[in-house]
Amino acid sequence: PPRRHVMPLYHTTSPEVAELILASEFKPGRGGWCGGAIYFIDTPTLPKTKYSIHTLDGAVIEAKVDMGRMAEMDRHCDASFGHGLPSARRHGYDSI
């Protein structure tokens, strides 16, 4: 059976998008630091260092996330096997 590694994590987004997610499901984005994915953080507040000119207000969704087999990458999303989520998936990882 697949290895389970369930963690309580948080997703920050706009109130409008939060309503859409809660009415259906999370969907991977098209871009991002490590590629098109669903991004979570381990605290319910977005660190000030992550704010942008577009960060005005928002919503936080708490989710229990099964991380599966996790790849370890550096802060630039690089690992010995390649870069980003697509490379991690090619090497059998479920998350980074």
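Along the sequence, the protein chain follows the pattern β-α-β-β-β-α, amounting to two helices and four strands; helices (H or I, at least four residues) and strands (E, at least two) are DSSP runs numbered from the N terminus. The model is predicted, so that local features require pLDDT of at least 70 and side-chain atom pairs count only at pLDDT 80 or more, whereas totals for chains, interfaces and linings use all residues. Residues are numbered from 1 along each chain as its sequence is written, and side-chain values use heavy atoms, with hydrogens and water left out.

Of the 96 residues of the protein chain, 24% count as buried (under 20% relative accessible area, with a 1.4 Å probe and protein chains only). Among contacts (heavy atoms within 4.5 Å) with a separation of 6 or more, 66% are accounted for by residues 24 or more positions apart.

One disulfide (a pair of cysteine sulfur atoms within 2.5 Å) is present in the structure. C34 and C77 form this disulfide, with their sulfur atoms 1.5 Å apart. Because C34 lies in the loop between α1 (15-23) and β2 (59-66) and C77 in the loop between β2 and β3 (78-79), the pair ties together parts that are 43 residues apart in sequence. C34 is buried at 13% relative accessibility, and C77 is buried at 2%.

H11, located in strand β1 (residues 6-13), is buried at 13% relative accessibility. A polar atom of the H11 side chain lies 2.7 Å from the backbone oxygen of Y39. Residues up to four places away in sequence not counted, H11 touches I21, F26, I38, Y39, F40, A59, V60 and I61.

Terms used
Buried means under 20% relative accessible area, exposed over 50%, partly exposed in between (1.4 Å probe, protein chains only). A polar contact is a pair of N or O atoms within 3.5 Å; within protein, one must be able to donate a hydrogen and the other to accept it, and residues adjacent in sequence count only if both atoms are side-chain atoms.
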